[in-house]
Amino acid sequence: MHAPRIALAWDEPFSSLNAGHTRYLIERKFGYPVTAIRADQLRQANLSRYQVLILPTSYGSLTEAFGEQGQKNLTQWVERGGVLITFANATKWAVEADLLASALEKEAKTNDIETPTEKRVEGLLLNSAEHLHQYVNAADADPYWTSGVLTKLDVDQEHWLTAGVPDSVISLTVGNQIFRPLTINNGRNLMTYAAADELAVSGYLWAENKQQLAYKPYLMWQPRGRGMVISFTQEPTYRAYLDGLNVALMNAIFGGASHARPLR
């Protein structure tokens, strides 16, 4: 292990709350310095002096904030040996920027029902209220929104990123973003949501979300060039009180920097 230089994306469009929680956790709870860098500076900033860059969740579009030049700058930095850590919506951006070989899921459909485009169509027999519900929902609808629920995560303990983490931890799940797992040729899914009947620990979670979230990734690791991308699908630093996730985050920062191969 060595002491990496950590940069943290700051200011709009990043969430001031999540950025603040993350900085508080690293600087105050663990006593390690962090350099805040504004989002617009990341377009062309020379990041070579930093080994780790954390992108907290955002309220606005990172694609617009970074632009093509910013995306290229961050991609090249990772490939030269940087460790990019993303939370929640920033993970969505990593997928859109082809830095993470995952994908956002639409709402899972149990039956294939086509909505007509013609004015006169064949008759349709609706056999239940659920059948009606499936018909009126758009074919490409997003999963139901979750206001906030404590969920159980299963942990793959056979990786340096989860060293010291128990075989299950609790996370807060908010929103409706559900990500596809990484395939083995792209990376590893190191924390995944538990089975549907064990998933919700406290709070209300839609039955459909339980089924679709089950076994989906919460923490993903993907090597890229000499560096890597480490992505949390939610905010592991939410209000700095989810202590069970702190070890995984510190592993991402310090273990990630130690396992990357930066150019000298």
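**Figure 1. Contacts of T86 in a predicted model.** Leaving out residues up to four places away in sequence, T86 touches L55, T91, A94, I230, S231 and F232, where contact means heavy atoms within 4.5 Å. T86 is part of strand β4 (residues 83–87); strands (E, at least two residues) and helices (H or I, at least four) are DSSP runs, numbered from the N terminus. T86 counts as buried because its relative accessibility is 0%; buried means under 20% relative accessible area, exposed over 50% and partly exposed in between (1.4 Å probe, protein chains only). From C-alpha to C-alpha, T86 and F232 are 6.1 Å apart in space, while 146 residues separate them in sequence.

This is a predicted model, in which local features need pLDDT of at least 70 and side-chain atom pairs count only at pLDDT 80 or more, while totals for chains, interfaces and linings use all residues. Residues are numbered from 1 along each chain as its sequence is written, and side-chain values use heavy atoms, with hydrogens and water left out.

Figure 2. Six of the six residues of β10 (residues 227–232) are buried, so the strand is largely enclosed by the rest of the structure. In a regular strand the side chains alternate between the two faces of the sheet. In β10, G227, V229 and S231 lie on one side and M228, I230 and F232 on the other, and all are buried. β4 and β10 run parallel and are joined by five bridges; two strands pair if DSSP finds at least two bridges between them. I230 of β10 is the bridge partner of I85, and W221 also stands opposite I230. Strand β9 (residues 217–224) runs antiparallel to β10, with six bridges joining them. Two residues lie between the strands in the hairpin of β9 and β10, where G225 takes a positive phi near 60°.

**Figure 3. Surroundings of N189.** N189 lies in strand β7 (residues 188–193). A polar atom of its side chain is 2.8 Å from the backbone nitrogen of L182. Apart from neighbours within four places in sequence, N189 is in contact with D156, P181, L182, P217, L219 and M220.

**Figure 4. Residues lining the largest pocket.** At least two lining residues come from each of α1 (16–29), α2 (62–79), α3 (89–96) and β6 (168–175). The largest share, four residues, is supplied by α3.

Conventions:
A polar contact is a pair of N or O atoms within 3.5 Å; within protein, one must be able to donate a hydrogen and the other to accept it, and residues adjacent in sequence count only if both atoms are side-chain atoms.
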